[in-house]
Every structure is written in C-alpha cells, then in structure tokens.
Amino acid sequence: SKVESVREARQRGNFDVARKLASGFAEGFPDMPHGQAGARQLAHVGHLGGTVNAPPLTEVVTAYLAEKNLPIGTQMETNKTVRRFVEVHGDVPASAVNKAMVREWRALVEQLPKRQTARRKKMTITELVADCASLTPAERLTFTSVNKDVSTLGTVLRFASDKWEFPDAWRCPTEGMKIKRPRELRKQNRKSFTDADIRAIFGMPIYTQGKRPIGGAGEASKWMPILAAYTGARVGEIGQLCVKDIFQERGVWCVDLNEDDTKGKKTAGSIRRVALHSDLTGDLGFLKYVEQRRKANDDPWLFNALKPDTKKTRTGSWGKFFGRILREDVAKGGCGIEDRLKTFHSFRHAFKTKAREAGVPEDVHEDMTGHARAGVGAAYGNRTPVNVQSGWLEKMDFSAVRTVLLRYPEQEH
C-alpha cells in the first residue's frame, strides 16, 4: 500500500521519495520547504510502527520554555533551534523525530554563517544555506555552535518524552549526533595572556591618554579589564556588578559576585565574595571610582553605561568591543594581539597561572574564581574567607599590570 511505501522510504531516510508518495493523501506542502501538512502525515505513518501521542514541536518548545526559568538569550536560542528544525521537516510530533531527520537538519546547520545580517535573519534555513553557498569554512558556524544546537534540540525532545507518552522503544535521536572536535583543534583551547600581552592591553590609549572609545561604555572600558586581571572574574560577572557589591568584610575590601535582581550565574560556585588586591584599593584608584558612582546615585549599576543587548545580556555588545580592540593594530589604538585563542577570558587563565606560581592552595584559588572544588572533601566546610584570600592574593605577581598603569597619571575624561 502507499502507506507502507511511505513508511519504508522514511525508514531508509529517503524523505524526498516519502514526501512524493504521501502527496496523494497529504494536503500539499504549503509555506515550509517540506510542508507542515505532509510532514505531519509522514510522522503518523512512519514512527516506530506505533501511534503518535506527543504534540507538535512548536507546542513542545512553548511548554518547555513556559516551565523552565531560562535567561532571555537562552529562550531565543532554543526557539531558533526548534524553528530551524521545523523549517526542514515541518511541525512534526516530537516523538516522530528520528536520527535521519536530525542528520539532514544538522547538515544544513553546519553550512550556516557565523554572523548574520538583518536581511539573512529573515530567511528560512534553506534560503540561508543557499545565500551562503560561497562562504569559506572559517565563515561558517563552528563545530561547537552546531553541537550546541544539537544539544538544545535533544533537551527539548527529552522534555517531551518525560511529559507525554512516547513509544517504549523511543531513544533520543540526538544521541551520538554531535560533531567530533576537528583534529586540528583538539589541542587548541583558550590561552592565557602573557605579561607581554598584559602590557599591550594596559598600554592602550584608554589608559595612557584617557580615551573612551565608542562601544566601550565609558569607564567600563578602563575598569573591566583591570578587575578581570586582579580577580579572574568572568566578563558577565564584572559587567553586572552593582555599586553596593563593593564593601568591606573582616577588614578587607571585596567584591560580591551574587545573583541579586536579574543577575545570572554560571554555576552555584559562581556566587562568591572575592578579596580585592591592595593595588585596586590603593594606587590604582578603584575605590575612588566606586565612591563617584555611589555619590552619583543615578542607578545601581557600577558600570551604568553598559546596555543590555537583544538577549538582555549587559556585556554582549561590550564583549564584541573588547574583541575588536584586542585584535586592532597598535597604531590604531588597539592591542595588536592576533592570536584568536586569546580573549577576555584569557585574563581568567592568567589569574589562575599567577595563583599557581605564587603557591596559592588550589581550594583557595578555586574559591576565588568560582570553580567547583575537586575531591570528596570539597563538599565540607565553607568557602575561603576574604581575609584569607587577601593574604594569598598579595603574594601573587601583578607587576605587569601595576607597572604599566602607574606609569601614566590619572587622565581626565
């Protein structure tokens, strides 16, 4: 029968053949590349030999996002991932998705561009792939981004399997579908800044001439790199600091990396208090800046010129700004650091390196940087107090930062 022929074609992964065979009982394939009506019919006749009880993917993702308290950016990415899958296979029931469908969709995702123009953002995935046919591999999504989409789709499908009745034989079709890390990248991770890099960064006109470039969000362009160098904190953690997060505890100035208000945290370990080095509280004048912000009393943020991007992330746009000046030629006011494995996160790597060189105990510098402690004993006891952190922090060598910054007088802005 025609239904059996459709099922056989689907099981072999011959979707185009299956769609043509199904055209007799499906109401065409309007709008989407392969049509919702035909796709739904195919899902019902070709799914593990059983009936379909799960709702279509668009309803599943709506339920998933309504139930999970996810950041705005994650919600947008999840919706985009599911939408692109639906553009390829139609709004099929979640239980109808199989490996062949995931493989076909993933092959298209691999061809998508890293950056999209406003025009391209309005395109369907198939239109986008056609429009980007001439892109080089370096201009397409990285394997990490593709794997993130695969993982996101799998998360939504597993949510559906927990919430609705799926066939007993069902297994998540995204299992084993991630792309392996390319051989040439397997040993490539983010690198630490060297002392030479540090001198180049803090030798920019931002520090030597008091310039505040467009996109740098005023004083954020000066203080965010300095705080990263001295605390090892992440860019998002620094960007969401409030004035009230800088205070004294046990006689030590510290920064409170908390989750008050709308702040987001990477892990539970990311919520912490970190001691401030005497360079920050002394000659470099950080406390003076904090007091200026406190007296201004215009809004709670320490870096009030930072503005949320479309994903409601305060440091999204600023991170792109820092990436630009990091690569930009020294003659144009940048750092001239061309190594793509060096990013703002390299401050964090450099901090960890300095901590190890100074003999700081692992549990102490793990607490300072918000990494999970290793070992059975990690679950016992409290985090390292800021006064203990301070003692170890003063043993660390920040001369590459301090020497450059103190070479130039405080600039008027």
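A helix in this tour is a DSSP run of H or I with at least four residues, and helices are numbered from the N terminus. The model on the screen is predicted.

**The whole chain**

Begin with the entire protein in a cartoon view. The protein contains 20 helices and three strands. Buried residues account for 44% of its 413 residues. The accessible surface of the protein is about 21300 Å², and carbon and sulfur atoms hold 49% of it. Among contacts between residues at least 6 apart in sequence, 64% join residues at least 24 apart.

**Helix α17 and what follows**

Select residues 346-357, which form helix α17. This helix has 12 residues and reaches 16 Å from its first C-alpha to its last, close to the 16 Å expected at 1.5 Å a residue. Which residues of α17 are buried? They are S346, F347, R348, A350, F351, K352, K354 and A355. An α-helix has 3.6 residues a turn, so residues three or four places apart point the same way.

Next, display the elements against which the buried residues of α17 pack. Four of them are the helices α10 (195-201), α12 (220-231), α16 (316-327) and α18 (362-369). The others are helix α19 (386-393) and strand β3 (272-275).

Return to α17 and show the side chain of K352 together with that of E366. These two residues form a salt bridge, with their closest N and O atoms 2.9 Å apart. K352 belongs to helix α17 and E366 to helix α18, so the pair ties together parts that are 14 residues apart in sequence. Are K352 and E366 buried or exposed? Both K352 and E366 are buried.

**Other salt bridges**

The salt bridges in the model number 22. Side chains of opposite charge can pair when their charged atoms come close.

Select E67 and K163, which form a salt bridge whose closest N and O atoms are 3.1 Å apart. Since E67 lies in helix α4 (residues 57-67) and K163 in helix α9 (residues 143-163), the pair ties together parts that are 96 residues apart in sequence. E67 has a relative accessible area of 47% and is partly exposed. K163 is also partly exposed, at 43%.

Now select R273 and E249, another salt bridge, in which the closest N and O atoms are 2.3 Å apart. This pair links distant parts of the chain, for R273 is in strand β3 and E249 in strand β1, 24 residues apart. R273 is partly exposed, with a relative accessible area of 36%. E249 counts as partly exposed at 23% relative accessibility.

**Two loops with positive phi**

From E249, proceed to R250, in the loop between β1 (246-249) and β2 (252-257). R250 is not a glycine, yet its phi is positive, about 55 degrees. Is R250 buried or exposed? R250 is exposed, because its relative accessible area of 59% is over 50%.

Select N297 next, in the loop between α15 (286-296) and α16. N297 is likewise a residue other than glycine with a positive phi, in this case near 50 degrees. With 66% relative accessibility, N297 counts as exposed.

In soluble globular proteins, nonpolar side chains tend to be buried together.

Centre the view on F202. Leaving aside residues up to four places away in sequence, F202 touches Y207, T208, P225, I226, A229, F347, V401, V404 and L405. One of these, F347, is among the buried residues of α17.

**The last stop: R106**

Finally, select R106, which is located in helix α6 (residues 99-109). Is this arginine buried or exposed? R106 counts as buried, because its relative accessibility of 17% is under 20%. Not counting residues up to four places away in sequence, R106 touches V146, V150, M177, K178 and I179.

Note on methods
Residues numbered from 1 in each chain as written. Predicted model: local features only at pLDDT ≥ 70, side-chain atom pairs only at ≥ 80, totals over all residues. Heavy atoms only, no water. Expected span 1.5 Å × (residues − 1). Buried < 20%, exposed > 50% of the residue type's maximum accessible area, 1.4 Å probe, protein only. Contact = heavy atoms within 4.5 Å. Areas by Shrake-Rupley, 256 points an atom, 1.4 Å probe, with all protein chains shown as cover. Salt bridge = Lys/Arg side-chain N within 4 Å of Asp/Glu carboxyl O.
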